[in-house]
Amino acid sequence: MIDQFINFVIRPPRADYNPEQYLWEKEFTLAGRQFKRQDLELTNARGHKLRCSHYMPSPFPEETPLPCVIYCHGNSGCRADANEAAVILLPSNITVFTLDFSGSGLSDGDYVSLGWHERDDLKIVVSYLRSERQISRIGLWGRSMGAVTSLLYGAEDPSIAGMVLDSAFSNLFDLMMELVDVYKIRLPKFTVKMAVQYMRRVIQKKAKFDIMDLNCLKVAPKTFIPALFGHASEDKFIQPHHSDLIFKSYAGDKNVIKFDGDHNSSRPQFYYDSVSIFFFNVLRPPQISSACSSKLEKYYDLGDLKVGAGMDESLLYEIITGIETESTNVPSSSSAAPRVLMTKPVSELVSEVAPFARLDPMLSRNIRPDGDEQSNLQDKPNGQSDECCSYTSSNRESWGRCSSLGGSDEESSADCTAANNGNQVTLDVLATPLKSTQQKSSDPPKEEKKKQKKQKKQKKRDSTTPKPKHEKLEKLEALSKRLRLCILKRVSHRRPRST
């Protein structure tokens, strides 16, 4: 039984994996941008080769150093555990470096030391990154054994910008005594202490470290690096009070997050969001400059949809400019809309035309009441009126049909209109550029002229009546939907294989 406890400490189950299957690909797309995985080998002070991977943008921006987060895995983990960290940090221009510690994964070595020798491995990695001119600030993200490793190293290197410490233990001896109770080993306390002392000598002989030296409470009061602590509330292996003790004695700026789950459960999304915000604040990643973005794929964040470099953005600016012009031509008590600048990003321009006061005048021109006007729309085949969404051979390639985005032709024409309490709203500016909208050359019949006069009178009445708030919401939703369907294109990325 004692041998099992010894192996439990220094020789836990070792991760044996295929990097091509369990790591991100050599070249992959994430959030509409290209990234790459660079594999390398480093040698620690004991002569062990460490298998490492560095995730970074492809190509790397010239003359713009980026920060890096080193992910430190647990006692039975490997560098594949950093896949989630790459998803969270890479879109924020933060590179991710991960490694198999000595005695873990595919690296050399026979034993782990729960943070003692792993601290020296981490020092080798930091020295390598310091020698790279492409890396600016460095952060540490550790889980379980990796959290202890980060804390032990952080006490020696105050240049680390920030640390995320997930499920760290405060004292290895206390942890071993607790595990005796957790696994319900019914032995007298003095017998357990004698067994621990025997294990201490065996571990010191095999793994070359003293379990009594692994005490985070000794280094926490001397560490001033900003730190974010995390711990699962149902963790039975390393109980939450370990993080509480370290947090209480920690000298630097600190915060702690408790969440549901156990020691090995996946972390909730709000925890990853907190980690992302924390590293963004302490690492201060630069924004990709215009010189670099010209070499990369042009990318703007519009929620879950992206505007790529293949799109003619002048058309989008033309639409938004037309919306601004239409809204300012209509008398309103609000101030005049600001002028559209070509230097503004697309996402900022789209957000500028979103308020109700500026969209409502444009939409109110196309409100049609029931009765004769609905029959007038039905007289035109397939709903292809000059006010509805029309596609010509010239604009079909540049704008794309709705059916090419996943819907049929009937669905695309249905998306062009939104019904609300008998009123039919049509959006013409989003299917065809404003300047290309043409009126029919043929004169309408006399009956249609009479109907048009009635329509004008009815429009004047509708324009004087206040519009309810929910109607404006539906109009905005219809406009947003049409803009996203007819202009933007979805960006898909390959998902990594789970471990």
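Predicted model: local features only at pLDDT ≥ 70, side-chain atom pairs only at ≥ 80, totals over all residues.
Local features need pLDDT of at least 70 and side-chain atom pairs count only at pLDDT 80 or more, whereas totals for chains, interfaces and linings use all residues. Residues are numbered from 1 along each chain as its sequence is written, and side-chain values use heavy atoms, with hydrogens and water left out.

The protein chain holds 19 helices and 14 strands; these are DSSP runs numbered from the N terminus, with helices (H or I) of at least four residues and strands (E) of at least two. Of its 499 residues, 47% are buried, that is, under 20% relative accessible area with a 1.4 Å probe, protein chains only. Among contacts (heavy atoms within 4.5 Å) between residues at least 6 apart in sequence, 74% join residues at least 24 apart.

The largest nonpolar core has 60 residues, of which I70, F97 and L129 touch the most other members. Such a core is a set of buried Ala, Val, Leu, Ile, Met, Phe, Trp, Tyr and Cys residues joined through side-chain atoms within 4.5 Å. Helix α6 (residues 172–182) contributes the largest share of this core, seven residues. Apart from this core lies another, of 34 residues, including L23, L30, I257 and V282. Leaving aside residues up to four places away in sequence, F97 touches residues including L40, L42, I70, V125 and L129.

H263 lies in the loop between β9 (254–259) and α10 (269–283). This residue is buried, because its relative accessible area is 10%. Beyond four places in sequence, H263 touches R143, S144, S167, D235, F237 and I238.

Note on methods
Buried < 20%, exposed > 50% of the residue type's maximum accessible area, 1.4 Å probe, protein only.
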